[in-house]
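Please keep the sequence and the coordinates at hand while reading.

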Amino acid sequence: MGKIEDKMEAAIEAVLFTMGESVPLERLAAAIEQDEETTYKIIKNMMDKYNRRHGGIKMIELEHAFQLCTRPEMYEYLIRVAKQPRKQVLTDVLLETLSIIAYKQPITKIEIEKIRGVKCDHAVNKLVEYNLVMEVGRLDAPGRPLLFGTTEEFLRSFGVQSIEELPVVQPEQAAEFQAEAEKEAQLKLNI
């Protein structure tokens, strides 16, 4: 097999890998600029190579479409990885910011910063990245600042069906939290 055939195989493999689902023969033929008969021969040759190799991937045909997939005997390895939960570690700063957003939503970054007393750009951006917080609109005020609120993923992660199910902070708890925060702030100032 020559370099041209190798390049066409590589192109088909790249397309199938990237698409992640079956791709019709005619689309593969158009991608490598060949007729369907030639493309089919190239694909059959690739399938034979995958079968001889006995690797973790095979190529299958589904009604004149082709797809790369995992060999069934590799499933146990996939399950081991899939069973390990992706942990997103929420630092104290992220939890504090998330709590403010959850209880005060919709809320702007400026309002969060007034409550926390420090900049919150990084924390809010991280929470958006984790899909726990999202932009929910803009405040009708000068500069039209973004408003943030929690997502369905937040509800799922914290095991509640709606924001109304979040625990209510009792006034005596709020006073206790404020006293702790002031004490902690004072300790930081004395250091």
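**Basis of the description**

The model is predicted: local features need pLDDT of at least 70 and side-chain atom pairs count only at pLDDT 80 or more, while totals for chains, interfaces and linings use all residues. Residues are numbered from 1 along each chain as its sequence is written, and side-chain values use heavy atoms, with hydrogens and water left out.

**Overall fold**

The protein has nine helices and five strands. Helices (H or I, at least four residues) and strands (E, at least two) are DSSP runs, numbered from the N terminus. Along the sequence, these elements follow the pattern α-β-α-α-β-β-α-α-α-α-β-β-α-α. Of the 191 residues, 26% count as buried; buried means under 20% relative accessible area, exposed over 50%, and partly exposed in between (1.4 Å probe, protein chains only). Among contacts between residues at least 6 apart in sequence, 42% join residues at least 24 apart, where contact means heavy atoms within 4.5 Å.

**The three-stranded sheet**

Three strands form an open sheet in the order β1-β3-β2, with antiparallel pairing. Strands β1 and β2 are the edge strands, each pairing on one side only. Two strands pair if DSSP finds at least two bridges between them. Strand β1 (residues 23-24) is joined to β3 over two bridges, whereas five bridges join β2 to β3. Individual bridge partners are listed below.

| Residue | Bridge partner in β3 |
|---|---|
| P24 | A65 |
| E61 | F66 |
| I60 | Q67 |

Helix α1 touches β1, β2 and β3, and its direction makes about 70 degrees with that of β3. Helix α3 touches β2 and β3, and its direction makes about 140 degrees with that of β2. For such values, axes are lines fitted to C-alpha atoms, for helices over the stretch in contact, and angles run from 0 to 180 degrees between N-to-C directions.

**Helix α2**

Which residues of helix α2 (residues 25-32) are buried? They are L25, L28, A29 and I32. Seen down the axis of α2, these residues fall within an arc of 100 degrees, so they line one face of the helix; the arc is that of the directions from the helix axis to the C-beta atoms. An α-helix has 3.6 residues a turn, so residues three or four places apart point the same way. The buried residues of α2 pack against α1 (3-19), β1, α3 (36-53) and β3. On the face turned away from the buried side, α2 carries the exposed residues R27, A30 and A31.

**The contact of α5 with α7**

Two packed helices are described by the angle between their axes and the distance between the axes. Helix α5 (residues 92-104) and helix α7 (residues 121-129) pack at about 80 degrees, with their axes 9 Å apart. The two helices are therefore roughly perpendicular to each other, a term that covers angles of 65 to 115 degrees. From α5, the contact is made by V93, L94, T97, L98 and I101, and from α7 by A123, V124, K126 and L127. By class, the contact has seven nonpolar, one polar and one charged residues. Ala, Val, Leu, Ile, Met, Phe, Trp, Tyr, Cys and Pro count as nonpolar, Asp, Glu, Lys and Arg as charged, and the others, Gly among them, as polar.

**A buried strand residue**

T150 lies in strand β5 (residues 146-150) and is buried, with a relative accessible area of 10%. Not counting residues up to four places away in sequence, T150 touches L98, I101, A102, Q105, L132, V133, M134 and I163.

**Backbone exceptions**

Most residues other than glycine have a negative phi, and most peptide bonds are trans. E63 has a positive phi of about 45 degrees although it is not a glycine. This residue belongs to the hairpin of β2 and β3, which has three residues between the strands. At 79% relative accessibility, E63 counts as exposed. N131, in the loop between α7 and β4 (133-138), has a positive phi of about 65 degrees. At 41% relative accessibility, N131 counts as partly exposed. E33, which follows α2, also has a positive phi, near 55 degrees. A cis peptide bond joins Q105 and P106, with omega about -5 degrees; P106 lies in the loop between α5 and α6 (109-116).

Terms used:
Angles under 35 degrees count as roughly parallel, over 145 as roughly antiparallel, 65 to 115 as roughly perpendicular and the rest as oblique.
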